[in-house]
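Please read them with the coordinates open.

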Amino acid sequence: MKKNVFLNSRIRTNAWEEYLYQAIPFDPLKIDEIASIVPIPDEKGVLIFSDGMVYQSKLNGLDVLNQLSSAQCFSEYKIMSNCIRSLGCFGQYKSPWVCPYFVLFPLESVSQTIWINPLSIRSLQLENDLYNAEMTDGPNLVLPLRREAFLKLAETACIILAVLRRDLFQFEVKSNRPMDYINAYTPFYKYQMATSPSLKRFPLKHGVFNRHYAKAYFLHHYDKLDSDPREIDWHSWL
């Protein structure tokens, strides 16, 4: 597929048919870092782009990520988003999905939207009054929001990834700079993300994020236990 072809999550084009033809069923146990998840126009499901491969699922993007979290033992999105919102420094809406290895942020409502890995963006381009994301992996994407809003979401996703990694990898990386916890070399990251004031310093002290996540995890399962213990997925406690 030519790299100057852009996918629009709202308009079905010939490019969509080519990617759908290439797609194989999504298996959460056999996928690497995800570059993007894109809803299929006029059809239930999404395409998932990862490491040069195209996967298809009949689920929406959020359900795909929940499936991935369950299969790979990553944090559940609902619990992580409650944790992020409770901290008060990352905003209250459109929380990213994050694991120690990569992060994806939603562009619109989390149940039906594009999810993008900010570290897989090469650059932003303006064409016909719409901004497009040129990707390092998978197709380029038409963005359904303004540049300033997109950059804010990408910055938030990057700083959350850095905060999570600092708490988890404190013995491997000893630094007070968020950028030292993110390995990215794209022009987008170098000239847009790394120069952002929000990525110059950490907004939280070391360990605060992990403690808030532990609290959110406990409260999430305690609420289930208090209402009906039979509804609890006890495997997640093992």
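Predicted model: local features only at pLDDT ≥ 70, side-chain atom pairs only at ≥ 80, totals over all residues.

1. Residues are numbered from 1 along each chain as its sequence is written, and side-chain values use heavy atoms, with hydrogens and water left out.

2. Helices (H or I, at least four residues) and strands (E, at least two) are DSSP runs numbered from the N terminus. Two strands pair if DSSP finds at least two bridges between them. Seven strands make up an open, mixed sheet, ordered β2-β5-β4-β3-β8-β7-β6. Its edge strands, β2 (24–25) and β6 (97–98), each pair on one side only.

3. Within this sheet order, β4 and β5 are listed side by side. β4 (residues 46–50) is antiparallel to β5 (residues 53–57), with five bridges; Val 46 stands opposite Ser 57.

4. Angles run from 0 to 180 degrees between N-to-C directions, with axes as lines fitted to C-alpha atoms, for helices over the stretch in contact. Helix α2 (residues 61–72) lies across β3 (34–39), β4, β5, β6, β7 (103–106) and β8 (115–116), at about 140° to β3. Helix α4 packs on the sheet through β6, β7 and β8, and its direction makes about 150° with that of β7.

5. α4 (residues 147–168) has 22 residues and reaches 32 Å from first to last C-alpha, close to the expected 32 Å, the expected span being 1.5 Å times one less than the number of residues. Of those 22 residues, 17 are buried (under 20% relative accessible area; exposed is over 50%, partly exposed in between; 1.4 Å probe, protein chains only).

6. β9 (residues 121–127) and β10 (residues 130–135) are antiparallel over six bridges, with Glu 127 opposite Leu 130. Their hairpin has two residues between the strands, and Asn 128 there takes a positive phi near 55°. β10 also pairs with β11 (residues 140–142), antiparallel over two bridges, with Ala 133 opposite Leu 141. That hairpin has four residues between the strands, and Gly 138 has a positive phi near 85°.

7. Where is Leu 199 found? Leu 199 is in the loop between α5 (187–193) and α6 (208–227), and it counts as buried because its relative accessibility is 0%. Leaving aside residues up to four places away in sequence, Leu 199 touches Cys 158, Ile 159, Pro 178, Met 179, Ile 182, Met 193 and Ala 194. The C-alpha atoms of Leu 199 and Ile 159 are separated by 6.1 Å, although the two are 40 residues apart along the chain.

Technical notes
Contact = heavy atoms within 4.5 Å.
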